[in-house]
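Here's a quick tour of a protein model for anyone just getting started. Take a look at the structure first, then read the notes.

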Amino acid sequence: MFNKLISIVLSCSVVCGVQIPVFAGEIFNQIKSTGVIRAGYREDTPPFAFVDETGKPVGYSLDILELIRSQTEKQLGKPIKLELIVVDPDTRFDKIKDGTIHIECGSTTVTWEREKIVDFAVSYFASGTQMIVNKGSGFANSDNLKGAKIGVIPNTTNEKAMRIFAQGAQLIFFTSEEEGMEKLTKGEIDGFAGDGILLQNLKKQADNSQQYEIVPEFPYMIESYACTIPENDSAWRTTVNYSIVKFMQGVVTDTPSAIDIYDRWFGVNGNTPYPIETIADYFQGIINGYEWINIDERY
């Protein structure tokens, strides 16, 4: 289904305990001064960013952040560490704007409205708004959603999509995907709307996964994920983009280290399987707009 779609388609400066916002062009200076990149991540969005059974932050987005850290370290010629800071849908953009973090990577969708307050790096994944429902519910057709109770996280692109395509439904707000899934299993809502790739993980983790299905087959709205960074800092954005484009080029060219990252989260035996052929098509369309990078691992 997505093959056709994709083919078309720091430091903390503290004065008397008050945090000073990051200003344009100064992120590298702060990172060089402190040896720290402060990065935002969410604890509840597998396979992108979450906390494992040992309490360690892990996920596809965390691996991308590590690639950015490594590239920054190489450019600055000194050891650089990642300081991970928890964010949520309500705080992620504020923490970018006020300088709390230098970057946030996760299942954050690029939108024109958000572009007014933060900058986005190159997109590194694509999904779309769908719903997880009880199999055979008949909710695959939005015409049948009148009066249905549909869970969604507020102030997200998923809420926007459901207000457009499910106008007759009653939207019930939750703070996380896990909370929405819990209410669905208890029969308190008829469906939960979210990004399809995240819903796939919820379905996989459910006690009786075969009881549920993800609908509709073609998403209500397409979601392109990207890391967010402060506005108007081209040097930082270039480094972030270079790191991500190099990784995507590695996936397209079967470079082992890049394939290892992809397989860990999206491979057949990964956290949330997703066809590599599909994402490689998406990556190819993006890297075509950039200069080819010589990867030492391959040459």
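This is a predicted model: local features need pLDDT of at least 70, side-chain atom pairs count only at pLDDT 80 or more; totals for chains, interfaces and linings use all residues.

Residues are numbered from 1 along each chain as its sequence is written, and side-chain values use heavy atoms, with hydrogens and water left out. Helices (H or I, at least four residues) and strands (E, at least two) are DSSP runs, numbered from the N terminus.

**Helices that pack together**

- Two packed helices are described by the angle between their axes and the distance between the axes. The axes are lines fitted to C-alpha atoms, for helices over the stretch in contact, and angles run from 0 to 180 degrees between N-to-C directions.
- Let's start with helix α3 (residues 60–76) and helix α9 (residues 256–266), which pack at about 160 degrees with axes 10 Å apart. That makes the two roughly antiparallel (angles under 35 degrees count as roughly parallel, over 145 as roughly antiparallel, 65 to 115 as roughly perpendicular and the rest as oblique).
- α3 passes α9 in a right-handed crossing (left-handed means the near helix is turned anticlockwise from the far one by less than a right angle, right-handed means clockwise).
- Where do they touch? Y60, D63 and L67 of α3 meet I261, R264, W265 and F266 of α9, with contact meaning heavy atoms within 4.5 Å. By class, this contact has five nonpolar, no polar and two charged residues (Ala, Val, Leu, Ile, Met, Phe, Trp, Tyr, Cys and Pro count as nonpolar, Asp, Glu, Lys and Arg as charged, and the others, Gly among them, as polar).
- α3 also packs on α8: their axes come within 9 Å and cross at roughly 120 degrees, which makes α3 oblique to α8. This crossing is right-handed.
- On the α3 side, the residues in contact with α8 include Y60, I64 and L67, and on the α8 side they include W236, T239 and F247. The contact divides into nine nonpolar, five polar and no charged residues.
- Helix α2 (residues 27–34) meets helix α8 (residues 234–252) too, with axes that come within 7 Å and cross at roughly 70 degrees. These two are therefore roughly perpendicular. I27, F28 and I31 of α2 make the contact with A235, W236 and T239 of α8.

**A sheet of three strands**

- An open sheet has the order β4-β5-β6, with antiparallel pairing (two strands pair if DSSP finds at least two bridges between them).
- β4 (44–45) and β6 (57–58) stand at the edges with a single partner strand each, so one side of each has no neighbour in the sheet.
- Two bridges join β4 to β5 (residues 49–51), and F50 in β5 is the bridge partner of D44.

**The disulfide**

- The structure holds one disulfide (a pair of cysteine sulfur atoms within 2.5 Å), and it joins C105 to C227, S to S 2.0 Å.
- The torsion about that S-S bond is about 110 degrees, so the disulfide is right-handed.

**Backbone details**

- Most residues other than glycine have a negative phi, and most peptide bonds are trans.
- A cis peptide bond joins P46 and P47, with omega about 10 degrees; P47 sits in the loop between β4 and β5.
- N155 has a positive phi of about 60 degrees although it is not a glycine.
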